[in-house]
Every structure is written in C-alpha cells, then in structure tokens.
2 protein chains.
Amino acid sequence: MTRAYFQQIEPSPQGTEFSKDDFLEQLAWTRDGLIPVITQQHDSGEVLMMAWMNRESLALTLSTGWVTYWSRSRNKLWKKGESSGHLQRLIKLRIDCDGDTLLCLVDQDGAACHTGRDNCFYFS
Amino acid sequence: MTRAYFQQIEPSPQGTEFSKDDFLEQLAWTRDGLIPVITQQHDSGEVLMMAWMNRESLALTLSTGWVTYWSRSRNKLWKKGESSGHLQRLIKLRIDCDGDTLLCLVDQDGAACHTGRDNCFYFS
C-alpha cells in the first residue's frame, strides 16, 4: 500500500523540505476522506488516543495549533477538548512511510480520555 | 462510536478479569473485519508503526507472542519480520475505551520500518 509519492521522496536527505500542499494531497485518505491519527504526549511518550482527521480538520490543526479531529459518530469537526477543556496543543506532526497514518505529538491539558483517564488504552 | 460492551465494563475496578473471547468478539471490527493497531516499543515509548489485524492475526499474535498483522496490500497474514528477521515480540496488548483500536507494546528486533529506519514516522 506504499504510495508512489512517498516512495519517491523516501531517499531524500534529512532536512529536505517539501511542499505542504503536495504532502497533504498525497496522503492516503480513505474513501471517506479520512486518515487515522495516533496522538502521543510529546515528552513522556504516552500514547493518548487514536482518532481520525479529514482534510479540513488537519488544515485546522496545522493553522490553529489545536488538534482537531473528525468525529465519525457525530459526523462533524471535533476540536479536542472544546467541551471538556482538555485541549491538545500540537507540538509536532509526523507522517509515516506510506502516508497513511499521522502521529501527532501534543501537549495534553488534563485527561485525554472521555472517561477522565489520562489515556484511552486502559484495558489490557 | 462507543460500544455498549466497553461502556458497560468501563467502571469495573482495576484488576477485574473479563472473558478473552467476549473481549475479542466485541472489538469494533470494520466491515472488512479489521482493527487498527498502534505498535509501540515497550520500554522507550517510541511509536514504531501502525498496521491492521483481523481476528486470525490477533489470535496468532496472542497465541504465539509474535506480532502478526493482516497485510491489506498483499491480502494475507503478515508475521512482522518473517522475511527481514525484524520480529516484534508482544509484551502487552492494550485496548482503548471504544474497543476500536489496539495498542501493542512490543520488543522490536532491529528496524520496524521497511526502509530500515527504527520507526515509520520519519516525515515531519
């Protein structure tokens, strides 16, 4: 499922800059126009949650610096923490080798999980 | 997208044990019978990759202790590292609050990424 664009730029020397528009357009959006996002606390490495973005939510995340997802259940933009106050400030966005997953490094304010837990992965 | 089963067991005291079969059956498998999996190095917290499992690959991961995905591009079981030798030993499996994402804590042997990099998230 490796995409030509990401294969092509893979050998580029570290520090090479690419067009942000190209990059975002080439992401492996699903048929529903979504991409999975892993959200990780930037300093501790704690994986907080997994959610989805569409193009608009990704653009908002990048322009505002506040992580904004696409809620598949409510079918609307979802600025994380807009009701709970538990905002996620974007520290860095990473993209994987296939362009089919985003990794958001964030600074999480309060609990990331709607249950009040620090992260969503509490079953083991 | 919270599922009734996971809502119901959410308030259970820490340490409560659940039927593994119930748990696996209740996961939010997609229409294609898949679930997204985040793979993290257990000690450093490094997020290594994101991939997908079906029921069979999850069962194999749990029974063998070697992380096995479902390859969507090759449409077959994919024991991570079976050709490269870069195996992933399962340390702990975590499940999120909605039962729609798995987090595999692993001990990664060698590079996790097919490009030879330690992890797949090298674009930023």
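Predicted model: local features only at pLDDT ≥ 70, side-chain atom pairs only at ≥ 80, totals over all residues.
Which residue takes a positive phi in the hairpin of S1(B) and S2(B)?

**View 1. Strands S1 and S2 of chain B form a hairpin with five residues between the strands.** Within this hairpin, B:Gly45 is the residue that takes a positive phi, with a value near 85 degrees. Strand S1(B), residues 35–41, and strand S2(B), residues 47–53, pair in the antiparallel sense over six bridges. One of the positions to look for is B:Pro36, which stands opposite B:Trp52 in S2(B).

**View 2. A salt bridge is formed between A:Arg72 and B:Asp100.** The closest N and O atoms of the two residues are 3.5 Å apart. A:Arg72 lies in the loop between strands S3 (68–71) and S4 (76–79) of chain A, whereas B:Asp100 lies in the loop between strands S5 (88–95) and S6 of chain B, so the pair joins two chains. The residues have their own accessibility classes: A:Arg72 counts as partly exposed at 35% relative accessibility, while B:Asp100, at 11%, counts as buried. The side chain of B:Asp100 also makes a polar contact of 3.2 Å with the side chain of B:Thr101.

**View 3. The side chains of A:Arg117 and B:Glu10 meet in a salt bridge.** The N to O distance of this pair is 2.6 Å. Because A:Arg117 lies in the segment after strand S6 (102–108) of chain A, and B:Glu10 in the loop between helix H1 (4–9) and helix H2 (20–26) of chain B, the pair joins two chains. A:Arg117 counts as partly exposed at 25% relative accessibility, and B:Glu10 is partly exposed as well, with a relative accessible area of 23%. Side chains of opposite charge can pair when their charged atoms come close.

**View 4. Within chain B, a salt bridge brings together the side chains of B:Glu25 and B:Arg55.** The N to O distance is 3.5 Å. This pair links distant parts of the chain, with B:Glu25 in helix H2 and B:Arg55 in helix H3 (residues 55–64) of chain B, 30 residues apart. B:Glu25 is partly exposed, with a relative accessible area of 47%, and B:Arg55 is partly exposed at 39%. Over all chains, the count of salt bridges comes to eight.

**View 5. In chain A, four strands make an open sheet with the order S2-S1-S6-S5 and mixed pairing.** The edge strands are S2 (47–53) and S5 of chain A, each of which pairs on one side only, and the twist averages 30 degrees from one strand to the next. S1(A), residues 35–41, and S6(A) pair in the parallel sense over five bridges, with A:Cys104 in S6(A) as the bridge partner of A:Thr39. Helix H3 of chain A, residues 55–64, packs on the sheet and touches S2, S5 and S6 of chain A, its direction making about 115 degrees with that of S5(A).

**View 6. A:His86 lies in the loop between strands S4 and S5 of chain A.** This histidine counts as partly exposed, at 27% relative accessibility. A polar atom of the side chain of A:His86 lies 3.1 Å from the backbone oxygen of A:Ala111. Leaving aside residues up to four places away in sequence, A:His86 touches A:Lys80, A:Gly81, A:Gln108, A:Asp109, A:Gly110 and A:Ala111. From A:His86 to A:Glu10, the separation is 76 residues in sequence and 36 Å in space, C-alpha to C-alpha.

How values were computed:
Residues numbered from 1 in each chain as written. Chains lettered and ligands numbered in written order. Heavy atoms only, no water. Pairing = 2+ DSSP bridges. Salt bridge = Lys/Arg side-chain N within 4 Å of Asp/Glu carboxyl O. Buried < 20%, exposed > 50% of the residue type's maximum accessible area, 1.4 Å probe, protein only. Contact = heavy atoms within 4.5 Å. Polar contact = N/O pair within 3.5 Å; in protein donor to acceptor, adjacent residues only side chain to side chain. Axes fitted to C-alpha atoms, helices over the stretch in contact; angles between N-to-C directions.
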